[in-house]
There are 2 protein chains.
Amino acid sequence: MKGKIFIIEDEASIVQLVQLNLEKEGFVVSSSLNGNEGLKELKKFEPNLLLLDWMLPDLSGIDVCKNIRRDSNLKNLPIIMLTAKGEEEDKIKGLESGVDDYITKPFSFNELHARIKAVLRRSDPNIISNDLTFEDLKLDRIEKRVFRADKEIQLGPTEFRLLEFFLINPKRVYSRDQILETVWPNNVNVESRTIDVHIRRLRQSINIKDKKELIRTVRSSGYSLV
Amino acid sequence: MKGKIFIIEDEASIVQLVQLNLEKEGFVVSSSLNGNEGLKELKKFEPNLLLLDWMLPDLSGIDVCKNIRRDSNLKNLPIIMLTAKGEEEDKIKGLESGVDDYITKPFSFNELHARIKAVLRRSDPNIISNDLTFEDLKLDRIEKRVFRADKEIQLGPTEFRLLEFFLINPKRVYSRDQILETVWPNNVNVESRTIDVHIRRLRQSINIKDKKELIRTVRSSGYSLV
DNA sequence: TTAAATTGTAATATTTCTGTAACAAAAGAA
DNA sequence: TTCTTTTGTTACAGAAATATTACAATTTAA
């Protein structure tokens with residue numbers, strides 16, 4: 001799944017077209033033709049991104065936007081505003097009201113797609129694909145494969161989950177307790193030093209000679225991917 | 001490739017919608033907004049099927065149709081007529097003039113797709129492929145046959161469904177639960193370990209010596225086709 | 001109806017993975 | 001330096017997951 005996108009736009013033809021195209025790209029899409037209803041459905045649908053028309057029959061796009069930014073659950077929802085030609089002077093106003101990007105109608109689908117990807121990449125990089133990557137490291141969550149410099153690497157289940165964990169937030173340092181909580185199934189009790197051993201195993205697997213060490217030890221704090 | 005479809009229809013919105021959907025299904029699609037031009041482009045495009053609007057700005061659908069039937073190269077081109085509601089009395093006239101099927105607007109895409117498949121199956125069964133393939137593996141869903149490297153392989157019903165399942169999403173790793181849910185009829189209760197046995201049987205059947213193993217075991221995750 | 005094929009399960013064998021302990025090495029602190 | 005703390009490394013036994021086999025029950029075909 002690439003992510004969920006909600007559309008609030010009153011021109012049904014645009015909605016259909018965009019929806020179809022996005023679904024073709026692997027997004028899950030839902031839509032609403034006006035602002036008030038849209039706001040309600042939004043909360044149920046929990047999208048990763050909102051495409052919002054500037055001019056709506058009831059509320060204006062800006063009003064919808066403000067509403068969203070006021071809602072603690074939706075505060076961080078990325079929004080791309082759809083504006084008609086000639087409304088461009090309002091750009092700045094739109095961005096001020098908390099829009100992440102805007103696009104002028106008529107737009108090509110490619111342009112829209114590019115912007116969606118850009119915005120999503122900023123807000124939630126994992127949605128764009130099921131691959132987690134960091135430098136020359138790639139982890140495919142669907143096929144359950146790991147590559148370093150395009151060479152496949154064999155990992156045991158725990159090492160796989162461990163690497164997956166680090167790849168979600170590279171560079172960040174995690175304590176052994178944090179690692180334990182997330183990577184190990186709940187309610188198991190393992191020694192904190194066990195992690196050292198798994199780190200060692202992971203290191204051994206992903207390290208390639210002449211390539212730099214990818215896992216950093218932070219004494220008295222934990223480990224991180226660098 | 002599933003085949004080429006040409007559309008002659010003057011409502012651009014319908015054309016767009018249908019075209020997108022058909023392309024999503026794997027057809028190659030081209031279109032024209034009026035009859036005369038459509039006839040010309042038809043000959044270049046060489047479609048396997050024509051979607052023809054009843055009411056066109058210049059020629060009527062029937063005229064286009066008659067034209068086609070008179071042309072020795074296009075004589076056998078299957079045609080599905082698109083009619084608006086209320087024109088239904090004309091059905092018979094349409095079919096008499098050499099139309100293979102007709103569909104009334106507004107129609108759902110599913111309905112259209114079903115009719116297209118039906119017509120194509122009659123006129124050119126090879127186009128509607130019900131084969132799933134992956135590398136040198138081929139599964140014919142209609143004839144219920146499986147081939148590896150052009151040699152037919154005998155499978156039991158369950159192994160067949162299992163392989164069919166893997167072929168729909170090759171490379172993707174499925175858990176035993178996912179496999180159970182999809183491959184086994186609902187509401188049956190079989191041990192999750194039973195799958196191992198069927199995997200073994202499937203492996204035994206589709207493996208050929210000197211050829212690589214096709215089913216990959218991903219410890220603690222499941223299986224996939226590779 | 002009989003024979004053959006198919007299916008699910010249990011029992012057993014095999015493989016792979018995991019956690020721990022013990023010791024070595026490194027980094028800080030005194 | 002020397003001591004203390006933290007991390008690295010290794011080996012290994014037990015655990016866990018998968019493979020394989022055999023068999024009885026059931027379905028299908030002859």
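Glu46(A) sits in the loop that runs between α2 (35-45) and β3 (49-53) of chain A; helices (H or I, at least four residues) and strands (E, at least two) are DSSP runs here, numbered from the N terminus. This is a predicted model, so local features need pLDDT of at least 70 and side-chain atom pairs count only at pLDDT 80 or more, while totals for chains, interfaces and linings use all residues. Residues are numbered from 1 along each chain as its sequence is written, chains are lettered from A and ligands numbered from 1 in the order in which they are written, and side-chain values use heavy atoms, with hydrogens and water left out.

With 56% relative accessibility, Glu46(A) counts as exposed (over 50% relative accessible area; buried means under 20%, and partly exposed is in between, using a 1.4 Å probe and protein chains only). Lys171(A) is another non-glycine with a positive phi, this one about 75°. Its place is the loop between α7 and α8 (176-183) of chain A, and Lys171(A) is exposed too, at a relative accessible area of 57%.

Elsewhere in chain B, Asp101(B) belongs to strand β5 (residues 101-105). Asp101(B) is buried, its relative accessible area being 14%. From Asp101(B) to Arg161(B) is 60 residues in sequence and 33 Å in space, C-alpha to C-alpha.

Arg176(B), Ile179(B), Leu180(B) and Val183(B) are the buried residues. Viewed down the axis of α7(B), they fall within an arc of 100°, so they line one face of the helix; the arc is taken from the directions between the helix axis and the C-beta atoms. These buried residues of α7(B) pack against α6, α8 and β11 (222-225) of chain B, with contact meaning heavy atoms within 4.5 Å. Asp177(B), Glu181(B) and Thr182(B), on the other side of α7(B), are exposed.

Then there's the DNA. DNA strand C is surrounded by 25 residues, the closest being Thr158(A), His198(A), Arg201(A), His198(B) and Arg201(B); a residue is near a molecule or strand if one of its heavy atoms lies within 4 Å of it. Sugar and phosphate make up 65% of the atoms of DNA strand C that come within 4 Å of the protein. Among the polar contacts (pairs of N or O atoms within 3.5 Å; within protein, one must be able to donate a hydrogen and the other to accept it, and residues adjacent in sequence count only if both atoms are side-chain atoms), a polar backbone atom of Glu191(A) lies 2.7 Å from a phosphate oxygen of DNA strand C. The side chain of Thr194(B) puts an N or O atom 2.8 Å from a phosphate oxygen of DNA strand C, and the side chain of Arg201(A) has one 2.5 Å from a base oxygen. Two or more residues of the surface near DNA strand C come from each of α7 (157-168) and α9 (193-206) of chain A, along with α6 (157-168) and α8 (194-206) of chain B.

As for DNA strand D, 24 residues surround it, and Arg200(A), Thr217(A), Tyr223(A), Arg200(B) and Tyr223(B) are the closest. Sugar or phosphate accounts for 61% of its atoms within 4 Å of the protein, with bases making up the rest. Phosphate oxygens of DNA strand D are 2.9 Å from a side-chain N or O atom of Arg203(A) and 2.7 Å from one of Thr217(B). A base nitrogen of DNA strand D is 3.2 Å from an N or O atom in the side chain of Arg219(B). The largest share of the surface near DNA strand D, 6 residues, belongs to α9(A).
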